[in-house]
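Please keep the structure open alongside the text.

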Amino acid sequence: MRKLYLRMRSLLLASTSVIIFFILWELAALYLPSPYFPDPYSVLKAFITIITVGDIDGYTLAWHTLMSLERVLLGFVVGSATGVPIGILLGIKPTLKNAVTPIIEPIRFIPPIAWIPLSIVLLIGMYRYIFLIWVGVFFPVLLDTIAGVKRTSITLIQMARTFGADNKKIITKIIFPGSLPEIMNGLRVGLGVGWMCIVAAEMIGGEPVGLGRLILKYANLLQIDTVIVGMITIGLVGLAMNYFILFLEKRLFRWRVEIKA
Amino acid sequence: MEKAILLESVSKKYDVGSSSLEVIKDLTFDVNENEFVCIVGPSGCGKTTLLRIISGLEPPSSGRVLVFGRPPDPKRQRFGVIFQEDSLLPWRTVLGNVEFGLEIQDQKEAEREKIAKTFLELVGLQGFENYYPHQISGGMKKRVAIARALAIDPDLILMDEPFADLDAQTRSFMQRELLNIWSKLNKTVLFITHNVEEAVFLAQRVVVLTKRPSKVKQIINIDLPYPRARLSPPFISYRERILTAFHEELEVT
Ligand SMILES: Nc1ncnc2c1ncn2[C@@H]1O[C@H](COP(=O)(O)OP(=O)(O)OP(=O)(O)O)[C@@H](O)[C@H]1O
Ligand SMILES: [Mg+2]
């Protein structure tokens with residue numbers, strides 16, 4: 001009973017703040033001098049148009065979203081497939097990690113946008129997207145994997161050794177499963193960052209579809225209402241992905257006391 | 001008969017920063033096959049270190065260590081080690097933990113489960129197969145670790161204060177269980193403790209270590225039939241003898 005009450009209350013609180021947000025937006029649209037700043041209503045209209053009719057080239061919002069998702073997921077797969085193994089390697093070989101840290105650390109702070117010119121020069125087509133998303137995914141995955149590996153209990157490794165485990169078994173049966181909570185956290189953050197790179201990635205590449213493209217296309221036309229449609233969609237899809245992985249984490253890590261509590 | 005464990009003037013030094021710490025110095029003793037030997041010694045004297053050396057996790061700094069006639073190597077010999085600290089895999093269920101050693105030794109899956117269940121029953125944990133370590137008590141965790149060590153049919157069982165954090169009742173129950181298992185399975189057991197009464201209750205021989213750097217202070221044969229009565233006069237006199245030796249080590253500084 002009390003639980004239901006608390007739920008209702010938090011739901012009410014959440015919807016109140018959403019309503020207040022829209023009222024403030026409406027007021028801002030009324031009083032801001034710019035003719036290009038749309039109010040919520042015109043954004044809603046643009047939303048419906050893009051969903052049903054499509055944009056100036058005829059692509060619907062679902063299509064834009066799917067294309068962006070495809071690119072981000074590809075980049076995400078490559079980012080995890082590189083980040084996790086390299087993270088495990090660096091985690092178990094501190095000397096190697098110390099050796100590459102001066103290379104990795106500064107690169108980590110270069111934003112995806114700064115990589116655009118290089119990727120135009122060096123890569124073509126889908127590879128550009130994948131590379132730019134990879135830049136966003138790789139580092140969170142790498143760092144969290146290293147952190148997870150470092151947390152591995154020495155007692156567990158010694159225990160496995162007394163049973164005769166070789167290094168391969170120690171990695172697959174102790175270090176990897178033990179670091180999985182951190183790795184999953186890295187994947188979640190990595191997917192989020194990768195998703196946020198979508199606009200940067202789609203700034204290049206001639207194709208007219210993708211949420212980033214949609215935003216850029218309508219920015220050039222100065223139709224800000226549709227730009228905001230693209231922005232909101234990016235935000236909502238990112239949110240959904242985040243909750244999806246959080247849900248997976250909860251199911252996977254029932255053995256973790258911290259998550260249960 | 002071949003010795004199960006043979007230690008000949010074993011020493012171990014650790015380098016800590018710039019100084020070095022001598023933990024074990026010139027330690028010599030042996031353990032016969034199927035024998036139950038307890039090691040007692042003051043805290044920090046190097047008992048766990050000794051166990052790591054015997055199980056091949058660490059080499060000695062000098063001296064000779066032989067387990068069944070060869071240098072210890074867990075890849076070629078079967079050791080059942082029960083660690084002082086919690087050593088269960090938190091992401092595996094109780095059953096999965098007991099299967100772990102068998103899995104490392106490439107036992108087939110169907111076999112694995114059958115064997116694991118047998119040993120869970122042996123330690124009285126049937127019904128807890130699907131619990132995770134954080135859902136069972138400390139004493140139960142120790143029993144899972146014991147089942148896991150026994151499941152691989154070890155040639156040598158090495159136990160590091162396995163019952164130290166159990167309450168008195170569970171502890172004496174586990175001691176009796178261990179003796180049952182030992183007489184049933186015919187294993188060599190090296191059991192570390194700093195509880196003298198426990199040593200007298202369990203062991204055929206008790207090795208008393210000196211304080212660090214530790215060597216053998218005294219080896220005492222316990223010539224009492226099992227099961228032993230803790231309040232019988234000979235039991236008490238053994239206990240007093242060992243306690244005296246033990247306390248000398250605690251007092252001298
Ligand atoms: N890896 C290590 N590096 C440096 N010093 C160590 C290491 N392992 C153990 N020591 C030191 O060796 C000494 C003996 O440690 P050990 O764990 O063997 O003691 P113990 O007899 O098992 O003690 P307790 O009864 O409290 O478990 C301690 O002083 C400890 O600090
Ligand atoms: Mg110890």
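The numbered points below take up the basis of the model, then chain A, chain B, the metal site and the interface.

1. Basis. This is a predicted model, in which local features need pLDDT of at least 70 and side-chain atom pairs count only at pLDDT 80 or more, while totals for chains, interfaces and linings use all residues. Residues are numbered from 1 along each chain as its sequence is written, chains are lettered from A and ligands numbered from 1 in the order in which they are written, and side-chain values use heavy atoms, with hydrogens and water left out.

2. Chain A overall. Chain A contains 12 helices and 0 strands; helices (H or I, at least four residues) and strands (E, at least two) are DSSP runs, numbered from the N terminus. Its C-alpha trace spans about 70 × 60 × 30 Å along the principal axes. Of its 261 residues, 41% count as buried, where buried means under 20% relative accessible area, exposed over 50%, and partly exposed in between (1.4 Å probe, protein chains only). Among contacts in chain A with a separation of 6 or more, 71% come from residues 24 or more positions apart; contact means heavy atoms within 4.5 Å.

3. A residue of chain A. Leu96(A) sits in helix α4 (residues 94–108) of chain A and is partly exposed, with a relative accessible area of 36%. Leaving aside residues up to four places away in sequence, Leu96(A) touches Leu89(A) and Leu90(A). Between Leu96(A) and Lys45(A) there are 51 residues in sequence and 56 Å in space, C-alpha to C-alpha.

4. The six-stranded sheet of chain B. An open sheet of 6 strands in chain B has the order β5-β6-β7-β3-β8-β9 and mixed pairing; two strands pair if DSSP finds at least two bridges between them. Strands β5 (79–82) and β9 (216–221) of chain B stand at the edges with a single partner strand each, so one side of each has no neighbour in the sheet. Neighbouring strands are turned by 15° against each other on average, direction ignored; axes are lines fitted to C-alpha atoms, for helices over the stretch in contact, and angles run from 0 to 180 degrees between N-to-C directions. Strand β3 (residues 36–40) and strand β7 (residues 188–193) of chain B pair in the parallel sense over 5 bridges, and Val40(B) stands opposite Thr193(B) in β7(B). Helix α5 (residues 168–185) of chain B lies across β3, β6 and β7 of chain B, at about 140° to β3(B).

5. The three-stranded sheet of chain B. A further open sheet, of 3 strands, has the order β2-β1-β4 (chain B) with antiparallel pairing. The edge strands, β2 (19–32) and β4 (62–67) of chain B, each pair on one side only. Strand β1 (residues 3–16) of chain B pairs with β2(B) over 10 bridges in the antiparallel sense, and Val10(B) has Leu27(B) as its bridge partner in β2(B).

6. Helix α1 of chain B. Helix α1 (residues 47–54) of chain B lies across β3, β5, β6 (156–160), β7 and β8 (205–209) of chain B, running at about 155° to β6(B). The helix α1(B) also lies across β1, β2 and β4 of chain B, at about 120° to β1(B). Of the 8 residues of α1(B), 7 are buried, so the helix is largely enclosed by the rest of the structure. Gly56(B), which follows α1(B), has a positive phi, near 80°.

7. Metal site. Which protein atoms are donors of the magnesium ion (ligand 2)? They are OG1 of Thr48(B) and OE1 of Gln84(B), lying 1.9 to 2.3 Å from the ion. Donors are N, O and S atoms within 2.8 Å of the metal (3.2 Å for Na, K and Ca); water is not among the atoms, so sites may look incomplete. Thr48(B) is in helix α1 of chain B and Gln84(B) in the loop between β5 and α2 (94–104) of chain B, 36 residues apart. Thr48(B) is partly exposed at 23% relative accessible area, and Gln84(B) is partly exposed at 30%.

8. Interface. The contact takes 20 residues from chain A and 27 residues from chain B. About 2,200 Å² is buried between the chains, with carbon and sulfur atoms giving 71%; buried area is the accessible area (1.4 Å probe) that two parts lose on being put together, summed over both. In chain A, Thr162(A), Phe163(A) and Trp255(A) lose the most area to chain B, together 35% of what that side buries. The count of salt bridges between chain A and chain B is 2, a salt bridge being a side-chain nitrogen of Lys or Arg within 4 Å of a carboxyl oxygen of Asp or Glu. Lys169(A) forms a salt bridge with Asp106(B), the closest N and O atoms being 3.3 Å apart.
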